[in-house]
Amino acid sequence: MQGSRWLLEHKYSCVLLQVLGFEVDTVNSVQFSNHTGYAHWKGQVLNSDELHELYEGLKLNKVNRYDYVLTGYTRDTSFLAMVVDIVQELKQQNSNLVYVCDPVMGDKWNGEGSMYVPKDLLPVYRDKVVPVADIITPNQFEAELLTGRKIHTEKEALEVMDMLHAMGPETVVITSSDLQAPLGNDYLIALGSHRKTKADGTKMTQRIRVESPKVDAVFVGTGDLFAAMLLAWTHKHPNNLKVACEKTVSAMQHVLQRTIKSAKAQAGEGNKPNSAQLELRMVQSKKDIENPEIIVKATVL
């Protein structure tokens with residue numbers, strides 16, 4: 001419906017973009033039996049040679065013109081470096097291509113951050129991937145890793161986003177943080193920054209804060225969902241990060257609230273839902289994904 005899109009990894013992203021009318025070519029960066037939130041998983045990690053072979057097939061058929069590239073979870077440094085080479089080549093084919101990168105590396109639990117991918121991915125993300133990305137969606141811990149700066153206040157978060165802009169991306173969204181929300185402890189803060197260079201060379205920056213209600217559960221795949229939603233809504237609202245983020249976060253709230261309600265019902269009263277019960281209810285949320293009721297508003301900073 002809206003031209004070709006190219007997607008690396010994650011079923012949630014693929015389903016969401018297809019629902020919103022995007023043509024999607026999927027390359028699985030990992031082929032796992034299930035997501036890594038379960039106690040056990042089996043499967044394979046795609047390496048750079050295998051990715052290169054797939055891309056060569058696209059090139060031979062002259063179907064390697066894309067409008068978007070979206071990347072998420074990977075565990076292999078050579079694969080990540082190959083992604084950069086491919087993105088640069090695709091941008092030569094289409095100078096308007098937008099590369100959306102979710103730099104999946106780790107997160108914070110109880111205030112302590114830790115990486116859940118090999119540590120040697122960090123310099124590849126920092127030195128090679130982020131400089132060619134147009135939109136990045138790190139969480140607070142990942143933003144700190146990429147810049148080497150800790151975030152304790154909103155002011156420091158804005159400074160970190162400026163550092164990330166200076167590395168290359170026009171749009172930076174810190175998808176979640178442990179900052180104190182003005183609305184109170186029951187809310188989670190996301191921060192967004194869009195920097196555009198006007199025709200006269202001056203730079204204009206739009207910054208926003210989004211406070212969304214916390215959901216008392218650990219979900220897997222929310223980062224992938226956020227990045228794919230943001231791709232879709234920035235495509236539809238290219239110069240309005242506020243509206244794009246409101247639609248992204250509101251749709252996510254609908255999905256998460258439906259998921260936790262269903263999970264609790266399956267687990268039974270007094271029981272904690274397990275990983276299988278907490279699988280995101282994507283299909284059941286189709287209408288909310290297509291046309292989300294705005295239940296979370298963004299504040300322009």
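Student: What space lies in the second largest pocket?
Tutor: This is a predicted model, in which local features need pLDDT of at least 70, side-chain atom pairs count only at pLDDT 80 or more, and totals for chains, interfaces and linings use all residues. Residues are numbered from 1 along each chain as its sequence is written, and side-chain values use heavy atoms, leaving out hydrogens and water. A pocket is an open set of points on a 1 Å grid over the protein atoms alone, where a 1.4 Å probe fits, with protein on both sides within 12 Å along at least five of seven lines. The volume filled by probe spheres set on the points of the second largest pocket is about 390 Å³.

Student: Which residues lie nearest the centre of the second largest pocket?
Tutor: Its lining (residues with an atom within 4 Å of a point) divides into 6 nonpolar, 9 polar and 4 charged residues. Strand 11 (187-197) and helix 7 (222-236) each supply at least two of the lining residues. Of the 19 residues in the lining, those nearest the centre are V98, I135, E170, H194 and P238.

Student: How are helix 7 and helix 8 oriented to each other?
Tutor: The axes, lines fitted to C-alpha atoms over the stretch in contact, come within 9 Å for helix 7 and helix 8 (residues 241-267). They cross at roughly 140°, and the crossing is right-handed. Angles under 35 degrees count as roughly parallel, over 145 as roughly antiparallel, 65 to 115 as roughly perpendicular and the rest as oblique. Helix 7 and helix 8 are therefore oblique.

Student: How many charged residues are in the contact of helix 7 with helix 8?
Tutor: Contact means heavy atoms within 4.5 Å. The residues of helix 7 that meet helix 8 include F226 and W233, while those of helix 8 include K247 and M252. By class, this contact has 12 nonpolar and 3 polar residues, and the number charged is 1.

Student: At what angle do helix 2 and helix 3 pack?
Tutor: Helix 2 (residues 48-60) passes helix 3 in a right-handed crossing. Among the residues making the contact are L51 and Y55 of helix 2 and M82 and I86 of helix 3. The axes are 8 Å apart, and the angle is about 20°.

Student: Which residues of helix 4 meet helix 3?
Tutor: The axes of helix 3 (residues 77-93) and helix 4 (residues 121-132) come within 10 Å and cross at roughly 5°, so the two helices are roughly parallel. Helix 3 contributes T77, L80, A81, V84, V87, Q88 and K91. The residues they meet in helix 4 are L121, V124, Y125, K128, V129 and V132.

Technical notes: Axes fitted to C-alpha atoms, helices over the stretch in contact; angles between N-to-C directions. Helix = DSSP H or I, 4+ residues; strand = E, 2+ residues; numbered from the N terminus. Nonpolar A, V, L, I, M, F, W, Y, C, P; charged D, E, K, R; others polar. Left-handed = near helix turned anticlockwise from the far one by under 90°.
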